[in-house]
Amino acid sequence: MAGFLQLMAAQTDAPAMANPYSYTPVGDVSVLALCVLMFLLLMQTYIHRNWKFNMLVIMLITAHIAAASDIFYHMLLRDPLEHMQFLYAIRLIRHTSLAFLLYMNLSYLYVPFWIPASTQRRYYWMSFFLIMGAIVADVCGTIFGYGFWVEADGTVHYGFNVFVILFVLFNATIFYLIIRHRGRVIKHVFAGVLSANLLCVLLVLIQQKFSQHSYTSIAYFFPIIGIIFIFHSNPFDLNTGAANDNYLFHSLEAARERNKPLVMMSCLISNFSRSLLESKDLRYEYYQFFRQHVRRGVLYRLENNRLVLTFPKTCDIREDKSIERMLESFRESHSKFELDYRIVITETNSEVHNGVDYIRLMEEAERMMPVNSLHYIDQKDLERFYGSSYILSELEDIVSKKNLDDDRVLVYCQPVFNINTGTYDTAEALMRLKLPKVGMVFPDQFIPIAEQTGHIHTLSLIILNKTCAAIRSMLERGYNIQRISVNFSTLDVRYDSFCSDVQQIISRNQIPFTKVAIEITESRSEADFNIMKSKVLELQKLGIKFYLDDFGTGYSNFERIMEIPFDIIKFDRSMTIECAKNETSFYMVSTFANMFSQLHYAVLFEGIENDMDELNCVRMSAKYLQGYKYSKPIPIEELANFLVARQAS
């Protein structure tokens with residue numbers, strides 16, 4: 001900032017007769033060309049035309065205006081008297097567009113850095129008044145002679161430039177936002193955004209050092225390049241020419257809003273990704289098929305080797321000749337390579353709300369299909385889906401009412417056997433729904449829906465509240481209950497209010513924090529890991545225990561496990577089964593369990609179903625055991641049947 005203040009003083013004291021800065025149009029011409037090129041490239045990609053894309057386009061247009069006005073401004077400086085008023089206007093347009101570009105850069109970062117709406121409004125009004133104040137101050141500088149103005153004899157006075165202060169304030173705010181909230185994004189996003197804005201400031205400082213004005217526009221263009229690379233990278237899959245699922249979901253939403261039905265063809269091919277990379281013949285065959293048939297539609301590549309083609313509906317999908325030709329060509333190609341497939345064909349429906357639901361609809365159909373078969377979605381498929389939609393509508397109602405005692409959300413639990421005490425003094429809380437039209441709904445039916453739609457956090461808080469109420473009741477009745485654990489997802493932990501929500505609910509029920517434990521699964525996301533770590537540490541200070549759930553399934557990073565101070569490691573049922581297979585398996589599982597035990601983690605084995613499971617786990621340093629051998633999940637009100645009453649003192 002000191003450098004900028006010196007710069008302003010230098011500008012104020014600069015000679016009146018000549019521009020103290022040299023200028024060549026190379027920087028501005030480069031920005032003009034880059035703006036056009038970026039715009040043309042963006043128009044050729046599958047990037048969704050949402051508000052973020054529109055903001056990016058506005059930034060390109062603003063940068064184009066800033067560069068063009070800079071060129072005209074310096075052209076007019078050659079003969080300032082001939083077009084004096086036009087010179088003032090062009091200069092003001094240039095500075096205002098640069099200021100607006102800084103504001104747009106700041107505004108774009110609100111969403112990826114999770115800036116709350118209330119804070120966004122404060123930034124908005126602050127930016128508005130700063131820009132308007134700078135414009136007024138600059139105009140006054142021209143009128144009263146302390147800023148930029150031209151005398152009647154053509155003498156140019158450069159004076160005090162208020163927009164330099166605006167540049168300092170905006171960039172200080174941008175860097176504050178990036179650094180202050182860096183824990184909310186992965187390090188690659190943080191590094192990319194920080195570097196782009198840092199280069200902008202450095203280039204401005206360097207050109208001021210050498211009395212240059214040629215590269216201001218291109219310096220301001222660096223953050224736009226960063227935004228394009230980080231947030232609007234090309235969604236094409238280079239091997240298939242397909243867009244990603246994010247664009248598919250946005251396109252389906254846009255089609256629903258415009259009431260223009262689309263046909264969707266989903267093809268799930270076993271080992272397609274690997275086979276496409278390994279076989280040149282398959283790749284050539286695919287490219288031929290792609291060029292021949294993907295003309296009027298858009299192809300998307302989703303996870304698990306799924307390709308989805310969408311195109312406008314022109315007739316009944318069972319009578320569409322283009323679909324028949326495509327299927328015939330596909331079968332001919334399949335006969336050469338014989339990769340197992342399942343093809344599902346449907347059309348957009350007003351009852352299906354979003355792209356995730358369409359994928360769920362097709363996945364349900366695929367589960368009942370034999371390999372190498374074709375299925376058109378029919379009324380029965382839709383009825384099954386409508387059942388899921390009913391569950392979703394009930395979840396939405398539960399969330400909207402925000403009633404922590406909602407009767408539709410039930411708490412079941414599974415007692416946990418404490419090997420050291422030989423008693424049941426802990427348990428795991430489990431979630432159930434009881435809905436008016438369908439009765440009992442189990443987690444595998446509603447948890448995926450709740451997570452996909454963002455409703456899981458409300459359900460988790462309801463379960464926590466009801467669990468705390470049950471703990472209070474059992475304590476008041478004199479039962480010895482060490483704690484009950486409640487499951488929270490990674491999505492829950494992302495909420496800024498997660499720690500305060502948990503603390504308020506436990507305090508509301510007037511029970512010790514030590515009576516509650518939180519079970520979470522490990523996340524692959526670095527941003528989620530950093531958030532999880534900070535919140536685990538915050539809640540552990542209150543006495544809340546933390547379980548690492550499902551150890552032994554999928555992904556396990558020992559470095560991260562050790563970095564987050566979990567209290568209990570829960571070995572999944574698959575590890576219990578594995579250790580009973582043979583001595584080698586037993587040795588591997590027991591090595592993990594003994595290692596955690598020696599590092600002072602308590603070890604809990606899930607899925608204990610018989611005496612042999614119990615014996616094996618006891619031999620492997622287990623402290624807690626859980627499974628059907630002891631009890632199936634029961635209503636939490638029945639947990640008292642397993643507890644031991646405290647002895648009177």
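## Terms and basis of the model

Two strands are taken to pair if DSSP finds at least two bridges between them. Helices (H or I, at least four residues) and strands (E, at least two) are DSSP runs, numbered from the N terminus.

The model is predicted: local features need pLDDT of at least 70, side-chain atom pairs count only at pLDDT 80 or more, and totals for chains, interfaces and linings use all residues. Residues are numbered from 1 along each chain as its sequence is written, and side-chain values use heavy atoms, with hydrogens and water left out.

## Overall composition

The protein contains 23 helices and 19 strands. Its C-alpha atoms fill a box of roughly 105 × 75 × 50 Å, taken along the principal axes. Of the 649 residues, 51% are buried; buried means under 20% relative accessible area, exposed over 50%, and partly exposed in between (1.4 Å probe, protein chains only).

Contact is defined as heavy atoms within 4.5 Å. Among contacts between residues at least 6 apart in sequence, 72% join residues at least 24 apart.

## Strand β8 and its partners

Strand β8 (residues 409–418) is largely enclosed by the rest of the structure, because nine of its 10 residues are buried. It runs antiparallel to strand β9 (residues 423–435), to which 10 bridges join it. Within this pairing, V411 has M431 in β9 as its bridge partner. The hairpin of β8 and β9 has four residues between the strands, and G422 takes a positive phi near 70° there.

Strand β6 (residues 341–347) and β7 run parallel and are joined by four bridges. S373 in β7 is the bridge partner of R342.

## Nonpolar cores

A nonpolar core is a set of buried Ala, Val, Leu, Ile, Met, Phe, Trp, Tyr and Cys residues joined through side-chain atoms within 4.5 Å. The largest such core has 79 residues, and F571 and F605 have the most contacts inside it. Helix α16 (residues 456–476) gives the most to this core, with 11 residues.

Not counting residues up to four places away in sequence, F605 touches F571, T576, V589, A593, C617, M620, A622, Y624, L625 and Q626. A second, separate core of 54 residues includes L32, L98, F175 and I224.

## Packing of α4 and α6

The axes of helix α4 (residues 84–108) and helix α6 (residues 162–180) come within 10 Å and cross at roughly 10°. This makes α4 roughly parallel to α6 (angles under 35 degrees count as roughly parallel, over 145 as roughly antiparallel, 65 to 115 as roughly perpendicular and the rest as oblique). On the α4 side, the residues that meet α6 include L92, H95, A99 and L106; those of α6 include F163, F167, F170 and L177. The residues of this contact divide into 11 nonpolar, five polar and no charged, where Ala, Val, Leu, Ile, Met, Phe, Trp, Tyr, Cys and Pro count as nonpolar, Asp, Glu, Lys and Arg as charged, and the others, Gly among them, as polar.

H95, in helix α4, is buried, with a relative accessible area of 9%. Leaving aside neighbours within four places in sequence, H95 is in contact with N161 and F163.

## Two further buried residues

T216 lies in helix α8 (residues 216–231) and counts as buried at 8% relative accessibility. Not counting residues up to four places away in sequence, T216 touches R94, L98 and Q207.

R360 is placed in helix α13 (residues 355–367) and counts as buried at 10% relative accessibility. Leaving aside neighbours within four places in sequence, R360 is in contact with F385, S388, I449 and Q452. R360 and S388 are 28 residues apart in sequence and 9.5 Å apart in space, C-alpha to C-alpha.

Methods
Axes fitted to C-alpha atoms, helices over the stretch in contact; angles between N-to-C directions.
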